[in-house]
Amino acid sequence: GDPQLPTAVNITWSSINFKTILQWQPKPSGYFYTVEIFGRTSDIKRKCILTTETECDVTDVLRNVKETYTAHILSVTSSTMDNFEEPPFAVSEKFTPYSQTVLGKPETQNYTQKGSKLNIVFQDPLTPYKFPNGSFQSIQDIFQHDLEYKLYYWKDQSSGKKDATTKSNTFEVSVDSTKNYCFYIQGSIPSRRENRNGQESKVLCTSVGRNLLDEYGAEVFIIIAVIAIAVIILAVVLPVILCKRKKAKAAREKEPLNGV
């Protein structure tokens with residue numbers, strides 16, 4: 001190999017819902033990179049051969065998600081790839097998709113607040129892997145009973161949160177029928193030591209029975225009350241002032257007649 005070629009540094013695995021990207025530095029100049037993926041029980045797989053990029057999508061060679069992998073990033077020239085000598089390379093940290101991929105955001109499909117019940121239906125994030133029929137596998141299909149979802153919900157404009165847990169794709173929780181509620185959902189793998197909790201879904205809020213006080217808060221009503229009182233006072237005082245001015249004017253108009 002050519003010992004003068006720089007080797008990759010700052011090698012990182014980035015994986016969400018099993019879509020996995022290998023990244024490193026620096027940008028090559030006058031040479032290329034080739035990635036080799038090693039599994040403990042699988043054959044060596046080559047990806048991104050003779051690339052000038054500093055990232056490589058290795059999702060398709062990590063299909064055995066419970067396998068532990070290591071990446072070798074080779075620094076090569078077009079000629080050294082044909083030689084039998086081993087080129088210089090850098091080795092990544094070990095990566096196990098099943099225990100290290102980040103859980104993506106669940107997608108809320110429907111939610112209703114009827115009386116004292118808040119019902120939510122949501123969808124599992126999908127992975128890049130497919131079933132034989134061509135449909136994409138969800139994270140639920142892969143994690144199965146290891147996966148659970150947490151619902152965090154609270155009264156609109158309140159900071160106090162409650163939570164609930166399910167292994168299905170629905171939630172039904174008891175709420176105050178006179179209040180609106182906001183919520184988000186988050187996947188979780190309780191058996192993990194790291195990356196246990198996934199990304200949070202979009203925060204959504206119900207709008208059943210929303211009144212002006214819920215919408216704008218008490219401060220606005222205080223301002224409105226002050227304005228209303230001022231208008232009432234003006235409505236009472238202004239006629240009195242106008243009446244007094246009218247009488248004063250009439251009195252002044254009569255004064256010359258009295259002097260004649």
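**View 1. Y149 is tucked away from solvent.** Y149 has a relative accessible area of 1%, so this tyrosine is buried (buried is under 20%, exposed is over 50%, partly exposed is in between; 1.4 Å probe, protein chains only). What you're looking at is a predicted model, where local features need pLDDT of at least 70 and side-chain atom pairs count only at pLDDT 80 or more, while totals for chains, interfaces and linings use all residues. Numbering starts from 1 along each chain as its sequence is written, and side-chain values use heavy atoms, with hydrogens and water left out.

View 2. Searching the whole structure turns up 12 aromatic pairs. In one of them, Y111 and F183 sit edge-to-face, 5.3 Å centre to centre with 70° between the planes. Y111 is partly exposed at 29% relative accessibility, whereas F183 is buried at 0%.

**View 3. F122 and Y149 pair up edge-to-face****.** Their ring centres are 4.6 Å apart and the planes are at 70°, so the pair gets the edge-to-face label. Here too, distant parts of the chain are linked: F122 belongs to strand β9 (residues 117–123) and Y149 to strand β12 (residues 148–155), 27 residues apart. F122 is buried, with a relative accessible area of 2%. Rings of Phe, Tyr and Trp (its six-membered ring) pair if their centres lie within 6.5 Å; planes under 30 degrees apart are stacked, over 60 edge-to-face, and the rest tilted.

**View 4. A ring cluster and two lysines over rings.** F18, Y98, Y129 and F143 are joined into a cluster by ring pairs. K66 lies over the face of Y98, 4.7 Å from the ring centre. Elsewhere to look, the charged end of K161 sits over the W154 ring, 5.2 Å from its centre (NZ of Lys or CZ of Arg must be within 6 Å of the ring centre and within 35 degrees of the ring normal).

**View 5. An open four-stranded sheet.** The strand order is β4-β3-β6-β7, with antiparallel pairing. β4 (45–51) and β7 (89–91) are the edge strands, each pairing on one side only. Neighbouring strands in this sheet are turned by 15° against each other on average, direction ignored (axes are lines fitted to C-alpha atoms, for helices over the stretch in contact; angles run from 0 to 180 degrees between N-to-C directions). Strand β6 (residues 69–76) is joined to β7 by three bridges, running antiparallel, and L74 stands opposite F89 in β7. Strands pair if DSSP finds at least two bridges between them; helices (H or I, at least four residues) and strands (E, at least two) are DSSP runs, numbered from the N terminus.
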